[in-house]
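Have the sequence and the coordinates open side by side. The paragraphs below walk through them.

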Amino acid sequence: MTYYIYAIAKPNPKLTPLVVHYQRQCQQFGAKLSVLDINPKGVHTKQSYTKALQPYLRANTLALALHPMGNRYTSESFSQLLSGHARVHFFIAGAFGFAPEFLNQCTSLSLSALTFSHEIAKLVLCEQIFRALSLLNHHPYHK
């Protein structure tokens, strides 16, 4: 299982150790978790985000875009969503959100009714991926 998180964001070295922690935790289940911060050149718009993220949309890969109006899952249902896919690409847009044409190519996912910064959204997503893997592998972490 391979999970990729693509975020329109500048890298934050203060959060890197926490992301690395979850990457290592996922490895115990044979899963790879990669995080790529993408900072588009020039003006930031929905269209520039689409141009920067479009190359990472792949056939036969579940594409999940974080969006405030997206589907909400419990940890258990999120784990079931991931269980049927060997590759999952997660997308986090910048401050202006996703263009409709990009969202139409993805399944929308909401982490919460609350709004999170890019850094916190990435970290929460990393933790939830690890939690999902824990559930799927009957590991006690999720309790």
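Leu114 sits in the loop between strand S5 (107-110) and helix H5 (118-136). Helices (H or I, at least four residues) and strands (E, at least two) are DSSP runs, numbered from the N terminus. Leu114 counts as exposed, at 59% relative accessibility. The scale is this: buried means under 20% relative accessible area, exposed over 50%, and partly exposed in between, with a 1.4 Å probe and protein chains only.

This is a predicted model, where local features need pLDDT of at least 70, side-chain atom pairs count only at pLDDT 80 or more, and totals for chains, interfaces and linings use all residues. Residues are numbered from 1 along each chain as its sequence is written, and side-chain values use heavy atoms, with hydrogens and water left out.

Leu114 also carries an annotation. In an unreviewed UniProt entry, "binding site" covers Leu66, Ala93, Leu111, Ser112, Ala113, Leu114, Thr115 and Phe116. UniProt positions are given in the numbering used here, feature names are shortened, and annotations may be inferred rather than shown by experiment. Of these residues, Leu66, Ala93, Leu111, Ser112, Ala113, Leu114, Thr115 and Phe116 are included in the lining of the largest pocket. A pocket is an open set of points on a 1 Å grid over the protein atoms alone, where a 1.4 Å probe fits, with protein on both sides within 12 Å along at least five of seven lines; lining residues have an atom within 4 Å of a point.

Buried or exposed: which is Leu66? Leu66 is buried, with a relative accessible area of 13%. It belongs to strand S3 (residues 62-72). Beyond residues up to four places away in sequence, its contacts include Phe90, Phe91, Leu111 and Leu125. Contact means heavy atoms within 4.5 Å.

The largest nonpolar core has 29 residues, of which Tyr3, Phe78, Phe90 and Ile129 touch the most other members. Such a core is a set of buried Ala, Val, Leu, Ile, Met, Phe, Trp, Tyr and Cys residues joined through side-chain atoms within 4.5 Å. Strand S1 (2-8), helix H1 (16-27), S3, helix H3 (75-83), S4 and H5 each supply at least two residues of this core. H5 gives the largest share, eight residues. Phe90 touches Tyr3, Phe78 and Ile129, among others, not counting residues up to four places away in sequence. A second, separate core of 16 residues includes Tyr6, Leu57, Ala65 and Cys106.

Next, the aromatic rings. Rings of Phe, Tyr and Trp (its six-membered ring) pair if their centres lie within 6.5 Å; planes under 30 degrees apart count as stacked, over 60 as edge-to-face and the rest as tilted. The count by this rule is 10 aromatic pairs. Why is the pair of Tyr49 and Phe96 stacked? Their ring centres are 6.4 Å apart and their planes lie at 25 degrees, so the pair is stacked. Tyr49 lies in helix H2 (residues 46-53) and Phe96 in the loop between strand S4 (87-92) and helix H4 (100-103), so the pair ties together parts that are 47 residues apart in sequence. Tyr49 counts as buried, at 2% relative accessibility.

Phe91 and Phe102 have ring centres 5.2 Å apart and planes at 85 degrees, so this pair is edge-to-face. Phe91 lies in strand S4 and Phe102 in helix H4, so the pair ties together parts that are 11 residues apart in sequence. Phe91 is buried at 0% relative accessibility. Phe102 is buried at 0%. Ring pairs link Tyr4, Tyr6, Tyr56, Phe91, Phe98 and Phe102 into a cluster.
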